Amino acid sequence: MNARFLGMTLIGIMLAIFVTGGSSDVRAQIGGGGAIEGTVTDPGGSIVPGATVTVTNVATGVETSKQTNEAGVYLIPGLSPGEYKVVVTLKGFQTLIQEKVIVDALSKVTVNLALKVGEVTETVTVSEAPS
C-alpha cells in the first residue's frame, strides 16, 4: 500500500508541475502588454530631452507618464491592448496631442513626435492615426 501511495503522490506532483508549467507558457503566449516608444524632436529635428510623454487609454482613462531621456527617446511598456492618446509637454513648446494610437498585445508601436515652439497652453492635436 505504501508503494501505491508513493506512486500516486509522484503522479500528482508530476501532474501539478506539468499543469503549472503549461499554464504559464500559455499565459506568456496570449497575455502581456504592448508598448509605445518614439523620439521627440524640435522643429529643426534636434532631440528633445526631458519632455513629459503621457499616454492615456481612451477606453479606461488610465494614464502612464515618462520623460524622454538624454537622446529624446521614450518607452512606455506594459500597456493593455487598445486605443491610446499620446500627449507631450515641455516648457517653451506647444503641447502636442497624438490621437488614435492603437496598441496590440505584445507589440511595440513607434510614435515619433515633433514639437513646435510656443507656450505649453497652446495645443497641436493630430487626430489621424500615426503612420
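In which strand is K100 found? Select residues 95-103 in this predicted model: they make up strand β6, and K100 is found there.

**Stop one: K100**

With K100 selected, check the backbone torsions. Phi of K100 is near 60 degrees, a positive value, and K100 is not a glycine. Most residues other than glycine have a negative phi. Now show the surface. K100 is partly exposed, because its relative accessible area of 42% falls between the 20% and 50% cut-offs.

**Stop two: L106**

Next, select L106, in the loop between β6 and β7; strand β7 is 108-110. Here too, look at phi: L106 has a positive value of about 60 degrees although it is not a glycine. Is L106 buried or exposed? L106 has a relative accessible area of 52%, so it counts as exposed, the cut-off being over 50%.

**Stop three: T56**

Move to strand β2, residues 52-57, and pick T56 within it. T56 is buried: its relative accessible area is 13%, and buried means under 20%.

Keep T56 selected and display its surroundings. Which residues is T56 in contact with, leaving aside its neighbours within four places in sequence? They are G61, V62 and E63, along with E83, Y84 and K85.

Notes
Residues are numbered from 1 along each chain as its sequence is written. This is a predicted model: local features need pLDDT of at least 70, side-chain atom pairs count only at pLDDT 80 or more; totals for chains, interfaces and linings use all residues. Side-chain values use heavy atoms; hydrogens and water are left out. Helices (H or I, at least four residues) and strands (E, at least two) are DSSP runs, numbered from the N terminus. Buried means under 20% relative accessible area, exposed over 50%, partly exposed in between (1.4 Å probe, protein chains only). Contact means heavy atoms within 4.5 Å.
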